[in-house]
Amino acid sequence: MGDSILNTTATNEQLRSLLMDQRATRDEYVNAISNQSQAVESIKAESDAKGDKNLDNAIMWYDKFLGFQVVGGEGVRFVFSKIDMQSPDKEYSFCIKLIDERYILVHCAPFVHGSEELVKDLNCNNDLYKFVRTMRERFQIATISGSRFRSIEHDKVL
């Protein structure tokens with residue numbers, strides 16, 4: 001009986017020691033996470049201060065080189081130019097609206113084949129950046145396909 005009590009006491013001491021070590025490790029992790037969180041907040045504050053200037057520069061760059069504009073109104077209208085090399089000022093646009101946490105394509109000019117599926121994807125993954133980029137690519141593809149078709153028709157006439 002005495003040996004059993006001694007073994008139990010030794011086990012309890014080992015468990016207490018292990019528990020103390022675990023608590024110390026937990027406290028170290030809590031402090032490390034707290035320090036990292038403060039560092040991230042500090043970086044975010046600096047980034048926000050610089051962000052406005054960077055955002056203005058980015059908007060100017062997108063407009064100048066990609067002919068990209070975002071216009072508010074009934075929804076959010078995304079306007080692209082510089083898609084058709086033959087007519088760089090020609091505008092391509094679509095307008096989306098958020099209703100009850102679902103995106104709806106209000107209009108698309110010219111129509112983009114498969115745009116309904118793209119909106120379904122947008123509503124599933126909520127990746128607006130990807131959606132806008134894909135729509136621009138689709139406008140480019142439609143323009144290239146259209147110019148090839150016009151070229152083939154023109155060659156048939158000649």
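Predicted model: local features only at pLDDT ≥ 70, side-chain atom pairs only at ≥ 80, totals over all residues.
Leaving aside neighbours within four places in sequence, phenylalanine 131 is in contact with Phe94, Ile96, Leu118, Val119 and Leu122. With a relative accessibility of 4%, phenylalanine 131 counts as buried.

Next, display phenylalanine 94 beside it. The ring centres of phenylalanine 94 and phenylalanine 131 lie 5.4 Å apart with the planes at 90°, so this pair is edge-to-face. The pair links distant parts of the chain, since phenylalanine 94 belongs to strand S3 and phenylalanine 131 to helix H3, 37 residues apart. Phenylalanine 94 is also buried, at 0% relative accessibility.

Now widen the selection to the largest nonpolar core, which has 17 residues. Those with the most contacts inside this core are Phe78, Phe80, Phe94, Ile96, Phe131, Met135 and Phe139. Colour the contributing elements: strands S2 (76-80), S3 (92-99) and S4 (102-109), together with helices H2 (115-125) and H3 (128-157), each supply at least two residues of the core. The most comes from H3, with four residues.

Phenylalanine 68 lies in strand S1 (residues 68-72) and phenylalanine 78 in strand S2, so the pair ties together parts that are ten residues apart in sequence. Both phenylalanine 68 and phenylalanine 78 are buried. To show one aromatic cluster, select Phe68, Phe78, Phe80, Tyr92, Phe94, Phe131 and Phe139.

Finish with the cysteines. Cysteine 95 is buried at a relative accessible area of 5%, and cysteine 108 is buried at 15%. A search of the whole structure finds zero disulfides.

Technical notes: Residues numbered from 1 in each chain as written. Heavy atoms only, no water. Core = buried A, V, L, I, M, F, W, Y, C linked by side-chain atoms within 4.5 Å. Buried < 20%, exposed > 50% of the residue type's maximum accessible area, 1.4 Å probe, protein only. Contact = heavy atoms within 4.5 Å. Disulfide = S-S within 2.5 Å. Phe/Tyr/Trp six-rings, centres within 6.5 Å; stacked < 30°, edge-to-face > 60°.
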